[in-house]
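Hi,

Could you take a look at the structure below when you have a minute?

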Amino acid sequence: MRLRPWPSIAVALAAAVVALLVYGLVNQGPSRALDNAIAKHVYLRAPDAKQTLPVLDHIDATSASLTRWRGKIVVLNFWAQWCSTCVDEAPLMERTQHALLASGAGTVVGVDFKDISSYARDFIASHGLSYPNVRDGDGSFAAAYGTDALPETFVLDRRMRVVAISRGEIPGESWLAQAIAFAKRV
């Protein structure tokens, strides 16, 4: 009796295809849906704007969501105390906060990414940050924005739509000023 190799080959190929599909699903990179929308001049609502996160400082609540600042421009900055670029960017975020408060236009909201709360509070104190900061302990809030590296900054308009994104260090103070000006116009 002679065995035919085709059924075995077909099973092996099918198993290989399934393995590749599983690998692809498990190892997908972060979502760039927001980036793609902005490139097309489409401004999507801020993901998970209603999700409450623990407050680290500066506001009279134990938790807050982005909806707290609806009607204001929000500069949403993801950071961590172990991120050297976040340290470099902290003075720019603080200057931006002062400008937004002075104009009454909005606020910076810091999102501490997967830090220990005491380390995050030390970072806030040592850099004299006056803007509100919340903690994303498990990274799920950041994941909704496609954030997987720090720092990352999202500018939201008054309707809580993402109108500008900086993945990595902000490319300059003028970029942020232009993004905020755009958020005020749309």
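Predicted model: local features only at pLDDT ≥ 70, side-chain atom pairs only at ≥ 80, totals over all residues.

Residues are numbered from 1 along each chain as its sequence is written, and side-chain values use heavy atoms, with hydrogens and water left out.

First, the overall layout. You'll find 6 helices and 7 strands in the chain, and from the N terminus the order is α-α-β-β-β-α-β-α-β-α-β-β-α. (Helices are DSSP runs of H or I with at least four residues, strands are runs of E with at least two, and both are numbered from the N terminus.) Take the contacts (heavy atoms within 4.5 Å) between residues at least 6 apart in sequence: 68% of them join residues at least 24 apart.

Of the chain's 186 residues, 43% are buried (under 20% relative accessible area; over 50% is exposed, in between is partly exposed, with a 1.4 Å probe and protein chains only). The chain exposes about 10,100 Å², and 58% of that comes from carbon and sulfur atoms (Shrake-Rupley, 1.4 Å probe; for residues, only the protein chains shown count as cover).

Now the inside. Leaving out residues up to four places away in sequence, Tyr145 touches, among others, Leu66, Leu76, Phe78, Phe154 and Arg167.

On to the rings. There are 7 aromatic pairs (Phe, Tyr and the six-membered ring of Trp, centres within 6.5 Å; planes under 30 degrees apart are stacked, over 60 edge-to-face, the rest tilted). Phe78 and Phe154 pair edge-to-face, at 5.7 Å centre to centre with 85° between the planes. Phe78 sits in strand E3 (residues 73-79) and Phe154 in strand E6 (residues 152-156), so this pair ties together parts 76 residues apart in sequence. Phe78 is buried at 0% relative accessible area, and Phe154 is also buried at 0%.

Trp79 and Phe123 are stacked, with centres 4.5 Å apart and planes at 20°. Trp79 belongs to E3 and Phe123 to helix H4 (residues 117-126), so that pair ties together parts 44 residues apart. Both Trp79 and Phe123 are buried. Finally, ring pairs link Phe78, Phe141, Tyr145 and Phe154 into a cluster.

Cheers
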